[in-house]
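This report describes a few local features of one structure. The sequence and the model are shown first.

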Amino acid sequence: APAPDTRAADEAAIKAAQKEASDADAAYKALAAKAGAGAVIPTPSVAAPMQVAAQDAGPWTMKVKVIAADHLPQMDVGGTADPYATLKLGNKEQKTKTIKNTLNPRWEEEFIFEVSDEGQSIEIVLMDWDRFSKDDVIGNVSIPIAKYSHKPHSGVFPITKPGSTKR
């Protein structure tokens, strides 16, 4: 179990992300209501906030904890998604478990990466699992190691939707 101060920081980051996503969702709904029926409103460029905690786990080793994602877009016919995240650093790729039928997955999974160059970034791709077709990309984020190395860090990282340059 994480140390109490780490859990508190994780929970604070999650609450901040939920408030940010809730505010964005409320603003989007208000805009849609103002525009009236039949109006085309562009969807927000951020698919979801992604909560991640990282800390050094020894010389040239980084521990990354994927905590949760909130307010994912509906990806499946039933109005939900089956999300999982892939994390890649250098040649090593790791994956969270798939959580079915949710738009607010909570993983709480930790991964260890060997760091050969602090100039690298951890690439996280949020995916939607599909049984009969290719899995869909929900969004991604690139987290530079140098910015967060040598000190524990919890943060909320907005993911970018495929084809978008905005976060």
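A charge counts as sitting over a ring if NZ of Lys or CZ of Arg is within 6 Å of the ring centre and within 35 degrees of the ring normal. The model discussed here is predicted. In it, lysine 95 lies over the face of tyrosine 84, at 4.6 Å from the ring centre. Aromatic pairs, by contrast, number zero in the structure.

Tyrosine 84 has methionine 127 of strand 6 as its bridge partner. Strand 3 covers residues 83-89, and six of its seven residues are buried, so the strand is largely enclosed by the rest of the structure.

| Partner of strand 3 | Residues | Bridges | Sense |
|---|---|---|---|
| Strand 6 | 121-128 | six | antiparallel |
| Strand 4 | 92-95 | four | antiparallel |

Strand 3 and strand 4 form a hairpin with two residues between the strands. Leucine 89 stands opposite lysine 92 in strand 4. In this hairpin, glycine 90 takes a positive phi near 65 degrees.

Another glycine belongs to a loop. Glycine 119 is placed between strand 5 (106-114) and strand 6. Is glycine 119 buried or exposed? Its relative accessible area is 64%, and exposed means over 50%, so glycine 119 is exposed. Which residue has its C-alpha atom 6.0 Å from that of glycine 119? The residue is alanine 146, and 27 residues along the chain separate alanine 146 from glycine 119.

How values were computed:
Residues are numbered from 1 along each chain as its sequence is written. This is a predicted model: local features need pLDDT of at least 70, side-chain atom pairs count only at pLDDT 80 or more; totals for chains, interfaces and linings use all residues. Side-chain values use heavy atoms; hydrogens and water are left out. Buried means under 20% relative accessible area, exposed over 50%, partly exposed in between (1.4 Å probe, protein chains only). Two strands pair if DSSP finds at least two bridges between them. Rings of Phe, Tyr and Trp (its six-membered ring) pair if their centres lie within 6.5 Å; planes under 30 degrees apart count as stacked, over 60 as edge-to-face and the rest as tilted.
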